[in-house]
Amino acid sequence: MKCQYACNSAEHVSRRSFLQGAGGALGTLGFGGMVHAQAAKELERKQKQVVVFWLSGGVSQLETWDPKPNTDNGGPFNTIETSAPGVHICELLPHTAKQMHHLALVRGVNTKENNHGKGAYIMQTGHRQTPGFNFPYLGSAFSSLLNPPDSPLPGYICVGGGGSAKEASFLGPRHVPLTLAEGKPPSNLNRHKTLSAEGDLRRRRIRKSLSDRFARGRRQAETEVYNSSFDQAANLMGRKDIFDFSTFSDAEVAKYGKHPFGRQCLMARKLVESGVTFTKVTHSNYDSHSENFNFHIEQLGEFDKPFATFVSDIYDRGLLEHTLIIVMCEFGRTPRINQRLGRDHWGSAWSVALGGAGVQGGAVSGKTNANGTKVIDREVNGGHLFHTYYRAVGLDPTEPFYFRDRPFAKATEGTEPIKEILV
Amino acid sequence: MGRRISHLLPRFAWSACWAIALLLASGFATEAADVSLHQQIDLHIVAKTPEFDKIAAPLAADDEFLRRVSLDLTGTIPTREQARQFLEGADPDKRQKLIEQLLASPEYARHMQQTFDVILMRRLAAKNVSAAEWQTFLQKSFAENKPYNQLVAEILSADGTDPTNRGPARFYLDRNGETNAITQDIARVFLGRNLECAQCHDHPEVDDYLQSHYYGISAFLVRSYNFKDPKLKKVVFAEKAVGEVKFKSVFVESKKDNTTPPRVIDGKPFPDPEIKKADLYVVKPAKNVRPVPKYSRRGLIDEAIGSAENRRFARTAANRFWAILMGRGLVHPIDFDHSANPPSHPELLDLLTDEFIAHKFDVKWLLRELTLSNTYQRSSRREPAAIAATTDVPESAFAQAIMKPLSPTQMAAAVLQATGEADVQRKTLGDKLTEAALHQRLNRLSNIIIKLFADPASELPGDFDSRVNQVLFLSNDPTSAGLVNQRAGNLVDRAAKLSADNSAAVADELFLSAFSRRPTEEETKEVEQFLTGLTDKKRIEALQELTWAFITSAEFRFNH
């Protein structure tokens with residue numbers, strides 16, 4: 001997305017003033033981490049972080065957060081008690097049950113959307129799709145709003161796939177997700193062996209000098225985008241330690257499980273510990289049109305323990321207080337069990353779980369009827385959820401984004417935060 | 001074929017008259033002068049914006065023009081020698097001669113092939129027609145300067161059944177013959193309309209984009225499908241004699257489907273003739289048989305789209321060529337040509353359209369006229385003082401050249417030329433040097449760079465994006481490190497062999513090779529300081545660092 005020339009977005013202003021206040025030319029050369037260490041620490045302490053667990057394909061609410069045992073739609077599983085008094089969830093999540101005092105449930109979600117792509121869009125942008133325009137995704141939005149402008153860290157990282165350049169929309173390339181495909185760090189993070197650190201610094205200084213001279217008298221929006229990507233790259237190289245996933249102990253690996261999702265949760269923990277603003281972990285694939293129950297035994301069997309371990313580890317490290325955790329997907333699954341023992345797409349009565357920063361652990365909002373076919377109390381949609389996420393991390397969702405002087409609502413207007421699950 | 005000045009006068013307000021006066025003063029006879037298109041372009045651009053001369057950037061210097069026109073017409077930067085020769089040349093017509101030379105070069109056909117490959121195929125994977133067949137078709141077409149409407153007609157009438165000429169069928173066959181995919185791209189590329197939304201409903205924000213327009217185009221194609229020919233053992237395009245488009249808006253509750261005969265936007269409809277059921281086919285459909293209908297709807301589409309009567313086709317093409325060279329369409333974005341998004345210079349777009357039709361869709365002629373214009377040859381730079389005085393000149397005034405990020409193919413070619421990798425390969429080829437042989441030799445490296453910069457894919461400049469993985473590649477990948485290693489005849493090697501006492505010559509070598517220009521004093525001094533006191537290995541390292549800084553600088557990344 002092209003940035004408007006001479007655009008005075010809030011980010012540009014704050015970023016410039018920050019740099020003027022705290023650093024010099026060296027700062028813009030990408031050694032901000034050193035120059036602003038103190039300032040960065042200060043920001044980091046206050047900084048809110050977010051982790052989304054994206055259960056791709058659509059997890060069944062009946063086999064997770066809103067079970068309906070002993071009804072026509074219930075399926076074979078029972079409920080279990082949890083660490084939150086009075087809150088019962090499906091027996092497929094025994095480890096998560098022990099963390100429910102950290103988590104709140106929203107059981108009245110009705111997004112009225114049964115299409116994978118459109119559902120995913122609503123859940124990650126807070127808006128229905130409109131032709132010809134892309135709203136920024138939650139990760140890019142929070143990267144732009146929460147990540148300190150001079151942070152050496154990328155604001156939005158996708159672990160285990162997903163993540164497209166389109167997600168940033170008008171927020172620009174700085175907020176495009178960095179995808180760690182197959183759990184690998186980005187390529188080319190290490191300086192080439194034939195080049196010394198001083199040599200690298202020298203050549204980047206000349207590069208900058210040539211580029212600055214070129215920009216004189218020319219439109220600069222695009223040269224700025226280009227130059228800032230060199231700063232970003234340098235920053236990333238300076239903090240490649242956050243991608244070093246080789247140092248986990250055997251005990252930790254065992255705790256999370258050796259399968260890819262277990263490892264990705266462990267990586268997410270490290271990213272949160274390193275201060276990354278927004279991390280999205282994707283677990284595929286819950287699209288259980290047939291054999292729904294066997295499917296969920298297997299998938300949730302993989303999800304439950306590493307997820308619960310993640311929540312508990314984040315809490316133990318004192319990070320949960322400022323880290324918002326969201327478990328979501330594009331839609332739920334049909335209460336009615338189809339002929340192939342499957343459940344199909346169902347956007348009209350399903351659940352989302354969240355916890356941590358700003359969220360009241362153990363709270364439950366919304367209610368579905370006895371066999372789960374519709375919401376009977378406190379119905380909410382993607383807009384309500386977005387208002388809630390923004391409030392949870394201390395941001396005002398009613399203050400719009402501005403793009404080309406036009407306001408764009410951060411979350412569907414006319415919806416409100418789900419106050420009863422916020423602290 | 002020009003127009004008489006007197007034809008122009010009524011179109012202009014008085015503000016244009018001084019420009020015309022200037023033109024006349026500069027040696028044009030009043031009465032009999034034919035004003036060529038490039039001069040008319042400038043008149044239109046000047047007339048549109050009040051006090052244009054005060055806000056306009058000056059004409060580009062020779063070096064700026066050389067780099068720009070080389071990238072635009074041949075997809076690469078000139079060699080150091082070409083740059084030196086051009087800059088030293090004293091011929092007052094040297095710009096015009098350069099344009100002719102570039103248009104006649106094999107690099108021109110290659111560059112146009114690469115450009116139109118992306119426009120027409122959006123980097124879709126080659127599946128049913130090989131990339132080589134397709135590229136050869138495009139390259140040959142541009143080399144022989146095939147009229148643009150003929151090129152498009154060949155694509156739209158191809159079915160892949162001629163085994164010696166399957167290239168043009170790739171447009172249909174590698175979209176899997178899928179009616180919606182084809183409809184959308186025909187509308188986008190040939191009619192200047194992004195009709196994607198109109199598949200399901202009238203466009204919610206664009207009044208002129210109707211669902212019936214979408215299905216009018218679909219109706220030409222709805223009976224066609226990909227068919228694996230058992231004899232050819234290849235996928236070809238087949239067509240049935242029956243089948244109608246059906247549509248209803250998802251916004252409107254209606255049980256009844258609508259339909260439409262084939263029709264291009266609001267052009268004339270093509271109702272099917274009455275044919276007895278028994279006579280519907282020349283070759284009847286059967287198992288493993290490619291049916292041939294007596295009346296082919298698809299057979300009408302090349303004429304319906306590409307004929308001169310369909311002005312929209314010529315207009316979209318003229319606007320696209322303009323955008324390719326000027327960095328922005330007169331209608332912008334180029335696929336949103338509708339009444340609520342009028343062109344910045346409506347009369348100029350009409351003129352380009354008329355003239356492109358009158359010149360029988362002669363692509364080289366159009367590119368020549370565009371590049372000869374002052375509008376194209378304006379600098380991308382204005383004096384800082386001039387900018388302060390006129391802060392808000394929109395890009396659409398075309399008062400200052402718009403910087404265009406290098407396309408992935410331009411980036412690859414420019415990097416390989418600037419670092420001297422291309423020179424090394426030229427030397428190796430010796431007598432066997434041809435454009436094709438050189439292309440072949442550079443193919444592996446350029447594909448690595450193209451792949452890196454083609455993500456995310458985009459057709460035209462306008463959504464510049466620089467991704468961290470690209471920068472990390474340029475900075476640290478062994479491939480990039482290899483390009484700045486000293487090898488006999490490459491840039492680092494040539495610079496290293498210049499006397500260490502003569503840093504000015506080194507600066508000259510670097511600037512001519514990478515930026516196609518001579519350094520300023522300030523820049524020469526900077527290079528001198530960078531190299532001062534360095535010898536042997538240290539000096540080589542410094543030259544590598546400099547070369548890297550040049551090819552990663554903003555000046556290199558953009559066509560300015």
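A nonpolar core, as used in these legends, is a set of buried Ala, Val, Leu, Ile, Met, Phe, Trp, Tyr and Cys residues joined through C-beta atoms within 7 Å. A residue is buried if 20 or more other C-beta atoms lie within 10 Å of its own, exposed if 12 or fewer, and partly exposed in between, with C-beta atoms placed from the backbone. The model is predicted: local features need pLDDT of at least 70 and side-chain atom pairs count only at pLDDT 80 or more, while totals for chains, interfaces and linings use all residues. Residues are numbered from 1 along each chain as its sequence is written, and chains are lettered from A and ligands numbered from 1 in the order in which they are written.

**View 1. The largest nonpolar core has 142 residues.** Look here for B:Ile305, B:Val415, B:Leu510, B:Leu546 and B:Phe550, the residues with the most contacts inside this core. Helix H15 (residues 311-326) of chain B gives the largest share, nine residues; helices (H or I, at least four residues) and strands (E, at least two) are DSSP runs, numbered from the N terminus. At least three core residues come from each of domain 1 (124-138 + 146-306) and domain 2 (404-559) of chain B, with bounds taken from an automatic or database domain assignment. Another core, of 97 residues, lies apart from this one and includes A:Val176, A:Tyr286, A:Phe307 and A:Leu385.

**View 2. B:Leu546 touches residues of both chains.** Its partners are A:Ile206, B:Leu510, B:Val527 and B:Phe530, leaving aside residues up to four places away in sequence. Two residues are in contact if their C-beta atoms, placed from the backbone, lie within 7 Å.

**View 3. Chain A meets chain B through 40 residues of chain A and 43 residues of chain B.** On the chain A side, helix H7 (197-215) and helix H8 (221-238) each supply at least two residues. That side has 17 nonpolar, 14 polar and nine charged residues. Here Ala, Val, Leu, Ile, Met, Phe, Trp, Tyr, Cys and Pro count as nonpolar, Asp, Glu, Lys and Arg as charged, and the others, Gly among them, as polar.

**View 4. Strand E7 (residues 278-284) of chain A is largely enclosed by the rest of the structure, because six of its seven residues are buried.** Strand E1 (residues 49-56) of chain A runs parallel to E7(A) and is joined to it by seven bridges; strands pair if DSSP finds at least two bridges between them. In this pairing, A:Ser56 stands opposite A:Ser284. Strand E5 (residues 156-159) of chain A also pairs with E7(A) in the parallel sense, over four bridges, and A:Ile157 stands opposite A:Thr279.

**View 5. Two cis peptide bonds sit here, one between A:Ser284 and A:Asn285 and one between B:His332 and B:Pro333.** Omega is about 0° for the chain A bond and about -5° for the chain B bond. A:Asn285 belongs to the loop between E7 and helix H11 (292-316) of chain A, and B:Pro333 to the loop between H15 and helix H16 (346-358) of chain B.

**View 6. A:Ser169 has a positive phi although it is not a glycine.** Most residues other than glycine have a negative phi. For A:Ser169, phi is about 45°, and the residue lies in the loop between E5 and strand E6 (178-180) of chain A. Is A:Ser169 buried or exposed? A:Ser169 counts as buried, because it has 21 C-beta neighbours inside 10 Å.
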